[in-house]
Amino acid sequence: MQKENIYILGIESSCDDTSAAVLCNDKILSNVVADQKIHAEYGGVVPELASRAHQQNIVPVVHQAIEKAGINKSQLNAIAFTRGPGLMGSLLVGTSFAKSLAYGLDIPLIDVNHMQGHILAHFIDENDYKKPPFPFLAMTISGGHTQIVKVNNYFEMEVIGETIDDAVGEAYDKSGKVLGLGYPAGPEIDRRAQLGNPRAYKFTKPKVEGLNFSFSGLKTAILYFVQREVKANPNFVEENLNDICASIQYTIIGILMDKLKRAVKQTGIQHIAIGGGVSANSGIRKALKDAETKHGWTSYIPKFEYTTDNAAMIAIVGYLKYLEKDFSDFDVMATARLKI
Ligand code: KG4
Ligand code: ZN
């Protein structure tokens, strides 16, 4: 007997990307992302503007996702949406929209944890993509989070390390601000890092117990370093930008890899997956590839479109929960601080 096709609409609106995706079983039919350029002017996400932009984007983005998927909305089996963690005003837009549409279509509603989405994005079926076996370690690195998670199965996850202050993406973005780069600065620092000397300047790594991270000290060290050098040479930043970026990147990747090595030692698990915006970074991708030959690890690196926030990762969690009939009540609330 042929398996029935399950169609899931995923909706993501936790921060500054409005996204909708349609999945047929574990395969992506469409994944539409509208990012919000408005925040660049302010050097960071402005929550009130984000929620207003989500309100403008949500209808056209969902419409486009369904149209691109080549299905009719009456074919949808369920709607999955990001419940949290994220910005409350942003989450509310996706949550209310998902509820109304699911209610109107009389189909189940499925709430999804954004961080589980980043991790389970590895289970989207792509022809040439090898999925991680359980248990594996997932390092989620983004503008809002930095965690190492032991993933025992789809829904049993254990945070074994996390940041005690800033997220790694924030370290990129705030260092970029000090250097006069636009927001978000991560991609630009990464691009320049590949043209510079990673050992030109030395920044000390934070000393944090166990598997936890800290990035606020590094941010301050970079600020003081730049202020000191600019005093001596006002053109210091322009003249050495690629080397500064390469040195920052080298330090950050060193911090992430040190903790991963510790986590592998502690758990004996050598299958390592990454997720979140910073997993687009060329330095971490290369370091993980190198660790395959150097330490015998197997690394799982998502396609670029599944690194930054997107609804495909929400839809895949929706599909996995649909198979378990793990549906939400319609009084489910958006939750800004939702734990894995
Ligand atoms: O996952 P994401 O889209 O949103 C959050 O949930 O935060 O991550 C955005 C973060 C930003 O801090 C951005 O600077 C960073 O990911 N990012 C990068 C790169 N691409 C995006 N950081 C370093 N290198 C990159 N190539
Ligand atoms: Zn994210």
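Leaving aside its neighbours within four places in sequence, which residues is Phe 155 in contact with?

Mentor: A caution before the answer: this is a predicted model. Now to Phe 155. Outside its sequence neighbours within four places, Phe 155 is in contact with Gln 116, Leu 120, Val 317, Leu 320, Lys 321 and Glu 324. Phe 155 sits in the loop between strand S7 (146-153) and strand S8 (156-162). Its relative accessibility is 32%, between the 20% and 50% cut-offs, so Phe 155 counts as partly exposed. Phe 155 and Phe 330 are 175 residues apart in sequence, and their C-alpha atoms are 21 Å apart in space.

Thr 140 gives another view of His 118. Thr 140 is in strand S6. Its relative accessible area is 2%, under the 20% limit, so Thr 140 is buried. Beyond four places in sequence, Thr 140 touches Met 115, His 118, Ile 119, His 145, Thr 146, Gln 147 and Gly 275.

Pro 135 lies in the loop between H3 and S6. A cis peptide bond joins Phe 134 and Pro 135, with omega about -10 degrees. There is another such bond between Gly 84 and Pro 85, again with omega about -10 degrees. Pro 85 lies in the loop between strand S4 (78-84) and H2. Why note these bonds? Most peptide bonds are trans, and most residues other than glycine have a negative phi.

Phi has its own cases here. Asp 106 has a positive phi, near 60 degrees. Asp 106 lies in the loop between H2 and strand S5 (109-113). At 70% relative accessibility, Asp 106 counts as exposed. Lys 325 also has a positive phi, near 55 degrees. Lys 325 belongs to the segment after helix H9 (312-323). Its relative accessibility is 62%, so Lys 325 counts as exposed.

Next, helix H1. It runs over residues 47-69, which is 23 residues. At 1.5 Å a residue, H1 should span 33 Å, and its end C-alpha atoms are 31 Å apart, which agrees. H1 has a kink of about 45 degrees at Asn 57, shortly before Pro 60. Buried residues in H1 include Leu 49, Ala 53, His 54, Asn 57, Ile 58, Val 61, Val 62 and Ile 66. The buried residues of H1 pack against strand S1 (7-12), strand S2 (17-24), strand S3 (27-35) and helix H2 (88-105). Just after H1, Gly 70 takes a positive phi of about 70 degrees.

Cys 15 has 23% relative accessibility, so Cys 15 counts as partly exposed. Cys 24 has 12% relative accessibility, so Cys 24 counts as buried. The disulfide count comes to zero.

One last stop is helix H4 (residues 168-178), which holds Lys 174. At 32% relative accessibility, Lys 174 counts as partly exposed. Not counting residues up to four places away in sequence, Lys 174 touches Asp 166 and Lys 219. Lys 174 and Leu 91 are 83 residues apart along the chain, and their C-alpha atoms are separated by 24 Å.

Note on methods:
Residues are numbered from 1 along each chain as its sequence is written. Chains are lettered from A and ligands numbered from 1 in the order in which they are written. This is a predicted model: local features need pLDDT of at least 70, side-chain atom pairs count only at pLDDT 80 or more; totals for chains, interfaces and linings use all residues. Side-chain values use heavy atoms; hydrogens and water are left out. Helices (H or I, at least four residues) and strands (E, at least two) are DSSP runs, numbered from the N terminus. The expected span of a helix is 1.5 Å times one less than its number of residues. The bend at a residue is the angle between axes fitted to the seven residues ending there and the seven starting there. Buried means under 20% relative accessible area, exposed over 50%, partly exposed in between (1.4 Å probe, protein chains only). Contact means heavy atoms within 4.5 Å. A disulfide is a pair of cysteine sulfur atoms within 2.5 Å.
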